[in-house]
Amino acid sequence: MPGEAHSRQSKIKKMRIGYLECFSGISGDMLLGALVDAGVPFALLEETATSLAVGARLEMRRVSRGGIAGTKVDVITPDQSATESSHSHAEHSHEHHTHEAHTHTEHSAPAAHAHAEHRSLSAILAIIRATSLSDVVKERAVRAFQLLGEAEAAIHSIPVENVHFHEVGAVDTIVDIVCTAAGCQALGVDRWLCSPLNVGSGTVECQHGTLPVPAPATLALLGSAPVYAAGPPMERVTPTGAAILRMLNVTYASLPAMRIGASGYGAGGRET
């Protein structure tokens with residue numbers, strides 16, 4: 001009967017899909033901006049950053065990239081003043097487009113960086129687990145950092161326990177990943193889909209020298225993801241961005257049949 005068919009259909013739960021269109025790549029700050037632009041309350045991300053107790057805070061502003069209005073979210077670490085954030089962050093992404101990890105061996109760090117503090121993977125996981133955030137958010141964030149650690153360990157052929165993250169980069173990455181996990185949960189998305197990734201081209205400068213794009217950690221995290229390079233030479237997918245895609249367990253596909261409820265643009269630090 002028609003009435004019975006309508007009753008059955010009304011009981012079917014509609015799947016909420018999130019589609020990531022990475023035409024200009026993906027990084028932690030870009031995705032945070034897109035989440036806010038799509039409706040995630042910025043206050044929620046601020047509260048999430050505060051709960052981590054790493055001394056970092058978030059700043060948000062509206063920007064224009066290629067004539068398109070979007071949202072830019074920056075992680076401000078304890079050693080950065082508001083003045084520095086309004087100048088340097090306006091020109092550069094807070095993700096430094098380098099490897100975020102450091103293999104803690106006797107001769108691995110240049111003398112200029114000998115004073116830099118580092119956080120071990122286990123210490124970072126402890127920070128995440130100590131928060132009052134939901135289990136889903138913590139589990140996702142822990143998975144992302146484990147994937148980052150495993151990728152760096154494989155690249156340097158060392159045990160994952162020996163991977164240490166530079167202090168400043170670690171704070172940025174912790175906040176990016178945990179806030180992204182919280183923002184994605186707030187959207188109530190059941191399944192994440194993603195376009196092929198514009199990874200960029202050229203080279204990137206990091207602690208280990210000049211390396212090709214995608215950087216080794218990014219390449220390891222991307223696995224068999226569909227990639228291409230378009231636009232001016234630069235790094236467009238960062239290790240953090242690649243780890244977040246793995247964290248969300250995205251399926252790479254074309255835009256599916258769907259009714260669009262909200263959309264958002266997240267800006268990086270450069271105008272190309």
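Let me start with a definition: a contact here means heavy atoms within 4.5 Å. With that cut-off, among contacts in this protein between residues at least 6 apart in sequence, 76% join residues at least 24 apart.

Thanks for coming, everyone. A word on where the numbers come from. This is a predicted model, where local features need pLDDT of at least 70, side-chain atom pairs count only at pLDDT 80 or more, and totals for chains, interfaces and linings use all residues. Residues are numbered from 1 along each chain as its sequence is written, and side-chain values use heavy atoms, with hydrogens and water left out.

Now the overview. The protein has 9 helices and 14 strands; these are DSSP runs, H or I of at least four residues for helices and E of at least two for strands, numbered from the N terminus. Of its 272 residues, 47% count as buried. Buried means under 20% relative accessible area, exposed means over 50%, and partly exposed is in between, with a 1.4 Å probe and protein chains only.

On to the strands. Two of them pair if DSSP finds at least two bridges between them. There is an open sheet of 3 strands in the order 1-7-14, with parallel pairing. Strand 1 (17-20) and strand 14 (251-252) are at the edges with a single partner strand each, so one side of each has no neighbour in the sheet. Strand 7 (residues 191-194) is joined to strand 14 by 2 bridges, and C194 sits opposite Y252.

For the antiparallel sense, look at strand 10 (residues 203-206): it pairs with strand 11 over 4 bridges, and the two form a hairpin with 2 residues between them. V204 has L211 as its bridge partner in strand 11. V204 and C206 make up the covered face of strand 10, while T203 and E205 make up the uncovered one.

Which peptide bond is cis, with omega near 0 degrees? That is the bond from V213 to P214, and P214 lies in the loop between strand 11 (209-212) and helix 8 (216-222).

As a reminder, most residues other than glycine have a negative phi, and most peptide bonds are trans. A53 has a positive phi of about 55 degrees, in the loop between helix 3 (42-51) and strand 2 (57-65). S157 also has a positive phi, near 55 degrees, and its loop runs between helix 6 (135-156) and strand 6 (163-166). A53 is exposed, with a relative accessible area of 67%, and S157 counts as exposed at 67% as well.

What about aromatic pairs? Rings of Phe, Tyr and Trp (its six-membered ring) pair if their centres lie within 6.5 Å; planes under 30 degrees apart are stacked, over 60 edge-to-face, and the rest tilted. The whole structure has 1 such pair: F145 and F165, edge-to-face, 5.6 Å centre to centre with 75 degrees between the planes. F145 is in helix 6 and F165 in strand 6, so the pair ties together parts 20 residues apart in sequence. Both F145 and F165 are buried.

That's my tour; happy to chat.
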